[in-house]
Structure formats: structure tokens, C-alpha cells
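Open the structure in your viewer and keep the selection tool ready. This tour goes through some pairs of charged side chains, one stop at a time.

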Amino acid sequence: IEIYNDLLRARRLTVNDEMAEAELLLRGVIAADAGVVDAHQSLGNLLVEQLRYDEAIEAFKTALSMRPEDAALVLFLTSTQRKSGRLDEAEKVLLDFIGVLGPGGRRAVQDARLYISLGRIKQARRSYTEAATYFNEALRLNEDAPANNIMAAAHVGLGAVQLASNRLSL
């Protein structure tokens, strides 16, 4: 219960921009029990807010090593890698997780957010055709869903790709 309370307190401190104190609490939780995935994830998020990407990446990698099937952790990690300019690393993590490059033909993960992230990586590289393929896959995976943030992100990504590749004009 004390660990849970410290996590809640750290989140509250982060919201109030008391980053140093929140970081101390989170590192204390990790020192007390290194197996608390949420502490590593929260620390990663706090470090991203401070633009301390290298440290955040390590925190997310640690969390992901404990919960390797967690798509949200993959997205936190790869978003941070992308922000820090590590596009190749982010792309590899995503493709491995999805199963495109996974060992033994692992069943592909069907999470549209992963494909949006891949589309953003390709967009950053100006590989617009590949970016559009990933954004379209995200839409395909969500075609029966009501309008939501995932679909909106995919449509925005497609529009940006079309503008950048001169296939759409305003």
C-alpha cells in the first residue's frame, strides 16, 4: 500500500510541476521494489516531460522487459526514441512487437496505434508512400469503430503525407 501511495503522490507532484520531488519518490519506489512496472513507466513519463530522453528510454525499456506484451509501453518507448531522433531503433521495436520481424512467425499484433507510430516514423523520413501504407492499415484495423482518436490520428497522418508529397492541395 505504501508503494501504491507513493506512486499516486508522485503523479500528483508531476501534475503540479514538482518534478524533482516526484522523481525522488519514484526512484525510492524502484529502490524498494525494482519490479514495480508502473514506477518505471511513471519515471519514464516524468523524464520525457523534462526532455531527458536517454534516461526515459532506459526507464521504458526496463518496464517493457517486465511486461513485454504491453503495447502502451512499446508506444511510450518508441515515441521517446522518435523524439530523440532514434528512428531506426523505434522502427525496429515496433516491427518486432507487431511481429513483422518477430522470430518464428509470431502472430501479428493488431493495434492501430502501432501502425500510426510507424507511419509517423516513415513520415519523418519523408517516405510518404510507406507512411500512407501504415496510416491506411491503422484505419483498416479500426474501420468498424466509431470515430475516435486513433482514426483521427490516422486521417491527420494521411493528410499530412498527401500534402507533403504534393498529392493534395488546399
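A salt bridge is a side-chain nitrogen of Lys or Arg within 4 Å of a carboxyl oxygen of Asp or Glu. This is a predicted model, in which local features need pLDDT of at least 70 and side-chain atom pairs count only at pLDDT 80 or more, while totals for chains, interfaces and linings use all residues. Residues are numbered from 1 along each chain as its sequence is written, and side-chain values use heavy atoms, with hydrogens and water left out.

Select Arg125 and Glu91. Their salt bridge has its closest N and O atoms 2.4 Å apart. The pair links distant parts of the chain, 34 residues apart: Arg125 lies in the loop between helix 7 (112-124) and helix 8 (128-141), and Glu91 in helix 6 (residues 87-98). Helices here are DSSP runs of H or I, at least four residues, numbered from the N terminus.

Is Glu91 buried or exposed? Buried means under 20% relative accessible area, exposed over 50%, and partly exposed in between (1.4 Å probe, protein chains only). Glu91 has 12% relative accessibility, so it counts as buried. Arg125, at 27%, counts as partly exposed.

Salt bridges with shared partners join Asp88, Glu91, Lys122, Arg125 and Glu130 into one network.

Next, select Asp70 and Arg67. Their side chains form a salt bridge of 2.9 Å, N to O. Asp70 is buried at 18%, whereas Arg67 is partly exposed at 32%.

Last, select Arg86 and Glu89. In this salt bridge the closest N and O atoms are 3.7 Å apart. Arg86 is partly exposed at 24%, and Glu89 is partly exposed at 35%.

Conventions: Helices (H or I, at least four residues) and strands (E, at least two) are DSSP runs, numbered from the N terminus.
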